[in-house]
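Biologist: Please take a close look at a single part of this model and describe how that part is placed. One connected answer will do.

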Amino acid sequence: VMKLNPQQAPLYGDSVITVQLTEEEEVEDDVVFYLVFTGSTVQHCTSTRKINPGSLETISPGHDCCETVKVALCASREGHPVLVVAEESFQFVQDEAYDAAQFLATCAGNQQALNFTRFLDRSRPPAADVDFLDEKVALAFRHLKLPAEWNVLGADQSLTENIPRETLMHFAVRLGLLRLTWFLLQQPGGRGALSIHNNEGATPVSLALERGYQKLHRLLTEEEAREPDSWSTLSHTVHSGDYSVKHHRGLDVYMLTAEA
């Protein structure tokens, strides 16, 4: 039996999972362990890294739907067949960050919803919470399958830039969400949003200045601004047909995802 901690991960993955081995499974150095996650339509295989003889660490994959999947711990050793040494179940869930990303994506042009986000801002969360929120919502946003016509400014592209309105970019900047701002900048309408004034006459750029967010202001105004450090900048994904391979440099873990 192995113990997975935690026993669930958000749909967008990218969280650390620890695998506790039983004494029988603790092994010599030449054994390599993998975890195989089998969902209803997608399968993932992740490499692991050894923390100590009794425990391993890996990164949870991003999954395509909320469900309970089977996880097999496989051991391989040169010259020997691959063995399944333990099995456990694991759950992929839709968490608050995913809900938030979905909500924000659907209300890109919706003034009532965006004004609601302004109302939320008055009870400004502490910096550590903002950092956590920024990280998770940006990860979740990346994982959403946004429709091809999706735009930071919403569906109604006929609005000219002169109409004062609230945008998703105002929201991200007002809260100081560096990573979400960067993500939005790369999307259709992201750059255009920077020059839109809201009803108080503030643009996302002027908001960043007014709130003293220097790093964020640089991100919006400097041409050679680089992506802010985050969990997702540590990983690199390559897609090929029905397969994708992701390397997480932080833990040096590889992940292969295949459509079953």
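Modeller: Strand 8 and strand 9 (residues 83–93) pair in the antiparallel sense over 9 bridges, where strands are DSSP runs of E with at least two residues, numbered from the N terminus, and pairing requires at least two DSSP bridges between two strands. This is a predicted model, in which local features need pLDDT of at least 70 and side-chain atom pairs count only at pLDDT 80 or more, while totals for chains, interfaces and linings use all residues. Residues are numbered from 1 along each chain as its sequence is written, and side-chain values use heavy atoms, with hydrogens and water left out.

The two strands form a hairpin with 6 residues between them, and Gly-79 in the turn has a positive phi of about 80 degrees. Strand 8 also pairs with strand 4 (residues 32–38), again in the antiparallel sense, over 7 bridges. Ala-72 takes part in both pairings: Ala-72 is the bridge partner of Val-36 and stands opposite Glu-87 in strand 9.

Of the 10 residues of strand 8 (residues 67–76), 8 are buried, so the strand is largely enclosed by the rest of the structure; buried means under 20% relative accessible area, with a 1.4 Å probe and protein chains only. Phe-90 touches Glu-67, Thr-68, Val-69 and Val-71, among others, contact being heavy atoms within 4.5 Å. Other residues that Phe-90 touches include Leu-4, Pro-6, Ile-17 and Phe-37; residues up to four places away in sequence are not counted.

Terms used
Buried < 20%, exposed > 50% of the residue type's maximum accessible area, 1.4 Å probe, protein only. Helix = DSSP H or I, 4+ residues; strand = E, 2+ residues; numbered from the N terminus.
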